[in-house]
Amino acid sequence: MSGIRSTGFLHLGNYFGAIRNYVRMQDEYECYFMVADVHSLTTHPDTKELKPNVHRVLAENVACGLDPEKVALYCQSHLYETGELYMYLNMLAYKGELEKTTTFKDKARQHPENVNAGLLTYPVLQAADILLHRATLVPVGKDQEQHLEMSRNFANRFNHRYGDVFPEPYAFNFGEQLIKVPSLDGKGKMSKSENQYATIYLSDEDDMIRKKIMKAKTDAGPTEPGTPMPDYIENIFLLMKLVSSNEVLDKFLDDYNRAVIRYGDMKKQLAEDMVVFVRPIREKAEAIRNDQKYLRDIMEAGAEKARKRAAETMEKVREAIGLKYY
Ligand code: ATP
Ligand code: MG
């Protein structure tokens with residue numbers, strides 16, 4: 001189980017941190033993937049762009065290879081059971097731990113005018129999304145690690161107090177470290193809602209991709225072999241590792257180690273490889289976004305599959321809590 005907020009354009013971080021693994025999981029697992037439209041309201045209260053954003057998340061997921069026939073691809077708000085589970089889990093979540101959450105502190109700093117209770121309880125709603133399907137594997141990027149730990153805590157508290165209903169959910173990347181795709185300015189991660197010019201979107205036109213990459217921070221280069229790599233250069237190598245061939249990567253690593261690297265050439269190569277990577281996804285997503293009937297069919301079928309599992313879980317939850325009086 002996993003989700004992506006409908007807060008804007010999907011980017012390389014969403015792809016390599018999340019969607020790529022959704023696609024790898026879809027043949028082997030029972031999968032639930034959702035557009036986290038309710039979560040987007042915690043930071044994006046204006047809903048003018050909500051519908052196109054929801055459509056975009058769906059279309060871009062499918063364009064990346066997610067097959068709505070194989071998985072349940074649905075909208076968070078279409079599953080009313082989520083709200084019910086969220087309510088019960090809120091009684092097991094403590095103000096202190098919620099206030100200490102890194103994402104809460106970050107978002108509260110960025111939007112001091114809108115530090116709402118939904119933002120504070122974001123990890124509780126996320127736990128409800130996951131536990132509703134009694135999911136165990138949650139394909140997410142590095143930024144979500146702390147939230148998953150909280151989901152496990154809420155699950156364990158519930159089980160301890162009311163009896164075993166939930167398995168423990170874990171962040172999942174096929175046994176590898178979780179991924180963080182860095183932003184091109186070397187500050188933080190690529191993101192839908194921040195750092196727009198330092199983020200490569202799956203919808204960026206070829207020239208925009210080239211422009212963004214050519215502007216990525218570099219320096220004059222190492223002056224002698226064996227110079228430690230600054231983190232903003234490491235970031236460029238990381239992006240190259242994601243989209244370029246091993247030969248290309250090895251050539252530039254070797255140039256770096258011999259202190260003969262030319263960052264201009266490296267960025268040009270990276271830009272071309274990035275264009276080749278993004279273009280087919282962009283074109284496919286655009287076609288899907290224009291097919292309103294297909295998007296609707298996906299959402300309806302996805303919600304139906306998800307509701308079936310949710311209803312089973314909620315029966316167990318109500319029973320365990322003792323909400324059965326006759
Ligand atoms: P927002 O800025 O609106 O929060 P976001 O880019 O952080 O958007 P989310 O919808 O919060 O995207 O996250 C969707 C998925 O993408 C999560 O699994 C998250 O871990 C992953 N993800 C987001 N950004 C990155 C990144 N830069 N690198 C790796 N994974 C990422
Ligand atoms: Mg986010």
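## Aromatic pairs

Two rings of Phe, Tyr or Trp (the six-membered ring in the case of Trp) are taken as a pair if their centres lie within 6.5 Å; planes under 30 degrees apart make the pair stacked, over 60 edge-to-face, and the rest tilted. By this rule, the predicted model holds 10 aromatic pairs. One of them joins Tyr 15 and Phe 277: the ring centres are 5.2 Å apart and the planes stand at 75°, so this pair is edge-to-face. Tyr 15 belongs to helix 1 and Phe 277 to helix 13 (residues 263-289), so the pair ties together parts that are 262 residues apart in sequence. Helices (H or I, at least four residues) and strands (E, at least two) are DSSP runs, numbered from the N terminus. Tyr 15 has a relative accessible area of 12% and is buried; buried means under 20%, exposed over 50%, and partly exposed in between, with a 1.4 Å probe and protein chains only.

In the pair of Tyr 22 and Phe 33, the ring centres are 4.0 Å apart and the planes are at 10°, so the pair is stacked. Tyr 22 is in helix 1 and Phe 33 in strand 2 (residues 32-36), and this pair links distant parts of the chain, 11 residues apart. Both Tyr 22 and Phe 33 are buried. Ring pairs also link Tyr 15, Phe 16 and Phe 277 into a cluster.

## Basis of the model

This is a predicted model in which local features need pLDDT of at least 70 and side-chain atom pairs count only at pLDDT 80 or more, while totals for chains, interfaces and linings use all residues; side-chain values use heavy atoms, with hydrogens and water left out. Residues are numbered from 1 along each chain as its sequence is written, and chains are lettered from A and ligands numbered from 1 in the order in which they are written.

A polar side-chain atom of Lys 192 is 2.6 Å from an oxygen atom of ligand 1. For Lys 189, a side-chain N or O atom lies 2.7 Å from a ligand oxygen. Arg 5 uses a backbone N or O atom, at 2.8 Å from an oxygen atom of ligand 1. The protein covers 97% of the 590 Å² of accessible area that ligand 1 has on its own, as given by the Shrake-Rupley method with a 1.4 Å probe.

## A buried threonine

Thr 101 stands in the loop between helix 5 (95-100) and helix 6 (102-110). With 1% relative accessibility, Thr 101 counts as buried. The side chain of Thr 101 reaches the backbone oxygen of Glu 97 at 3.1 Å. Apart from its neighbours within four places in sequence, Thr 101 is in contact (heavy atoms within 4.5 Å) with Pro 123, Gln 146, His 147 and Met 150.

## The loop between strand 5 and helix 10

Most residues other than glycine have a negative phi. Phe 174, in the loop between strand 5 (170-171) and helix 10 (206-214), has a positive phi of about 50°. Phe 174 is partly exposed, at 31% relative accessibility. Asn 195 lies in the loop between strand 5 and helix 10 and has a positive phi near 55°; its relative accessible area of 27% makes Asn 195 partly exposed.

Gln 196 is also placed in the loop between strand 5 and helix 10, and is partly exposed with a relative accessible area of 43%. Gln 196 touches Tyr 201 and Lys 212, residues up to four places away in sequence not being counted.

Terms used:
Polar contact = N/O pair within 3.5 Å; in protein donor to acceptor, adjacent residues only side chain to side chain.
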